[in-house]
Amino acid sequence: MVWAPETADTPLRVLRRLESGPRGLVTADAEARLLDHGENVVPSRLPPTWPRRLLRSLRDPFTLVLLGLGLVSALIASWATAGVIVALVLVSCLLRSNGEHRADRSTAALRKLVATTTTVRRRATKDAEPEEREIPADQLVPGDVIKLGPGDLVPADARLLRANGLTVHQAQLTGESAPVAKRALDLPEGDEHLLWQGSSVASGSALAVVTATGAATRFAGAYAGPPPGARLSRRAGPGARLSRPAASRLPRGRAGRRTSAFDRSVYGLSWVLVRGMLVIPPVALVANAVLRGKGLEALPFAVAVAVGLTPEMLPVVVTTVLARGSALLARRGVIVKRLSALPDMGAIDVLCMDKTGTLTRDRPVLSGSVGPGGRPDPEPLRWAAVNGLVTLHLADPPAPDPLDEAILAGAPEQLGEVEGLDAVPFDPLTRVSRALVRDGDDVVVVVKGAVEAVLERCATSERERRRAAATAAALARSGARVLAVARGPASAQEAVAHRTAFAQEAVARGTVSPQPRLDEAGERGLTLVGFVTLADEPSPDAAAALALLARRGVKVKILTGDHPGTAARICRELGLEAGEVADAAGLTAAGAERATVIARCTPEQKARVVRALRAAGHTVGFLGDGVNDLPAMRAADVGICPRSAVDVTREAADVVLAGKDLSAIGQAVVVGRRSSGNIVTYLRIALSSNLGNVIAMLVAGLALPFLPMLPVQVLAQNLCFDAAQLALAFERPGPAVLRRPFRLRRQAVLRFIAGFGLVNAGVDLVTFAVLTRVHGVLDESAFHTGWLVENVLTQAAIMLLLRPVARVSRPLGLATGALAAAGLLLPLSPLAPALGLVALPVTSLLWLLLVLVLYAGVLVALTTRTRRKA
């Protein structure tokens, strides 16, 4: 027995093979199948094991360079240097792996809160009536009967039983960029009756039976798992063996989101440092060979200098900071699905959104029904209600359209003697919903939707069309949402009769009834019935949230399919300055940047606006919840959606809100800026200190008759400094960071590092002068000890003074105190002989403390000036 259907299987044969039926599985049988097959999870999506995570952390560019330097040290028998380098690598990798493991575990737990669910038919007992319920997609089993609607992700491979105007995005599997039409054919050819896991419903609705889950799906085959079309035995589980078809040209891997702006900045900065690390050893070797006649003897020192420039804890600090920010937002109901989206949230300076459900309530209210001339008329409402009712019954969407609900709530109880024959729900591309009904002896098409789209289908003169458009525009300027309604004879009654006869034959054969299809080409020459108007009520919390975003430096833009007047009225009521209201048709990049409201947007036009804003240098967030928002969400730097969004939108989003609450976006922006501020603070402190030490060591190495610091001492100092810097992940940046969008700008960070690095190098050289001239310390061990103590103390000082705020947190105070204590106590510890350190006299320590005080004064003066500029 096999679960996967043959290409030409009829629905009845598939259902029998799966021991299922249109009423769905019995709950007990479904639970048994779940134990047999396992959860509906793609194997490649399982979290990596801890050893694999550890090996993955070795691919970091800094780690690779360190390992190379360690190998060089081992080849020249500098075992102490090699040992400390290996210790640095191990500590960094262990901390990073542990941090990533905890972050992934927390993220996985949060994702369960917004996990994809599926509407499934199941029965309590064999004779009970089926019930439709929402279950997690990973609990599906072969034989389950599922319902799908616009925006739903296809949770498993399935065979269609019924389809209504169904189109599906399946580019991830087949490469087809446009939605593909699907039909529930009884005797199919090709695969238009099949749905694949990983695709998503663009429009229409469907009833389907699950044929394969987990490792047996075609989507899993794209991950080099079991291929499509393979036969799977009843006892097959995730490790089942399958026969691979002869031709399977599926793209491997999943279409991933592009690298974020934050990732690009960190990677760019990292490679600048890596290039510096690769250049320093040859420069140090050549300089020592030319000026001092030393060649390979100076190689350990050159290696130590290169290691001194390395920010070993960068991946650890970044992971820790982002994981803490994500956990903080989770407690406020905001789920960050992609950790690097957090600093991108802090960098957002333009937030685009639709008005429906964000600035307004989800439930519009019916406000009127008028004829083409603008006079009150009940007929448009009647036919709009017919359209909505037939769509609700025949298309059977998983959730009713809020506009249809509002129309049906205000419609008369008697709609006349009408019989629904076929329906296609609202499609964001065509911008209409369509219903085929029998009205007495006539078969008519009823179309309802956007004014422009409906008028295109009407056989009116140009003059009448202009008058109707003017009527709709006047209604929209008053603030109403306007839907046009038109009706007309079906394109061919003979086709309808043929469909009816075909359905009767299908029932006689015992197969599932085929779905009749509306002929879109026949939707021309319709008669405009009139307009239905609905009112959107502003959300009570929207005005305060918009004001908060404005204070944070975030500009809000409204991208809506509504009339400009409708959107402008809502903006005025919420205190949002509408400014220039633009029409999406023919909009230029400059116009997109100027306008606050962009009306009559199609999904692709929303995406074009977002791309234009990003090309102009903005960091753009997009808040949406429907299928029509998906292109814009993918084009934005950060995609945001509420938890109630459709599946495909929720899956594509980077940040998921507990509800449609704009104030939660303000909180996420603040936490994102704090995270970015802490990462930049770490980079400034770590790299300016490291750069200063490297410059000083290179200069002193050429001026002294001995090495200014032994390689093992350089590495021990770095180890202490790196451990202390982990406390920077728990800092809270100053108000200047929170006032406006905050980006990690590579050039600004490099300028800061260069400036303060030179200051730090100058202090090191002053220390060198104090040790050799003022105090007369010429002993090599004493010099090494004095410089190490001074370096560690100055590192503790810059951790306190090179931050954007004066307040010191408890973790940072403890860390800097421990670092300073380590610098003073290392020469007195049992490790001193191994590190080549000796105890210093009290007078030497006093001189070093005097240099430290002068250095602290210079830092205070410079940082005060920097804060004032900020």
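This is a predicted model: local features need pLDDT of at least 70, side-chain atom pairs count only at pLDDT 80 or more; totals for chains, interfaces and linings use all residues.
1. The partner of Glu731 is Arg803, and the two form a salt bridge whose closest N and O atoms are 2.4 Å apart. Arg803 sits in the loop between α27 and α28, while Glu731 belongs to the loop between α24 (711–725) and α25 (735–739), so this pair ties together parts that are 72 residues apart in sequence. Arg803 is buried as well, at a relative accessible area of 3%.

2. Next, a second pair: Arg438 and Glu419 meet through their side chains in a salt bridge of 3.5 Å, N to O. Here the partners come from strands, Arg438 from β13 (residues 432–439) and Glu419 from β12 (residues 418–427), so the bridge ties together parts that are 19 residues apart in sequence. Both ends count as partly exposed, because the relative accessible area is 28% for Arg438 and 42% for Glu419.

3. Which residue meets Arg338 in a salt bridge? The partner is Asp344, with a distance of 3.9 Å from N to O. Arg338 and Asp344 are both buried. In total, the structure holds 19 salt bridges.

4. The loop between α27 (780–801) and α28 (810–825) also carries Arg807. Arg807 is partly exposed, its relative accessible area being 48%.

5. Helix α12 (residues 379–395) deserves a look of its own. Its 17 residues should span 24 Å at 1.5 Å a residue, and the end C-alpha atoms lie 23 Å apart, which agrees. Is α12 mostly covered or mostly open? Mostly covered: twelve of the 17 residues are buried, among them Pro380, Trp383, Asn387 and Ala395. Just after the helix, Asp396 takes a positive phi of about 50 degrees.

6. Two further backbone spots may interest you. Glu19 is not a glycine, yet has a positive phi of about 55 degrees; its place is the loop between α1 (11–17) and β1 (25–26). Glu19 counts as partly exposed at 45% relative accessibility. Arg600, also not a glycine, has a positive phi of about 55 degrees and is found in the loop between β19 (597–599) and α20 (603–615). With a relative accessible area of 22%, Arg600 is partly exposed.

Notes
Residues are numbered from 1 along each chain as its sequence is written. Side-chain values use heavy atoms; hydrogens and water are left out. Helices (H or I, at least four residues) and strands (E, at least two) are DSSP runs, numbered from the N terminus. Buried means under 20% relative accessible area, exposed over 50%, partly exposed in between (1.4 Å probe, protein chains only). The expected span of a helix is 1.5 Å times one less than its number of residues. A salt bridge is a side-chain nitrogen of Lys or Arg within 4 Å of a carboxyl oxygen of Asp or Glu.
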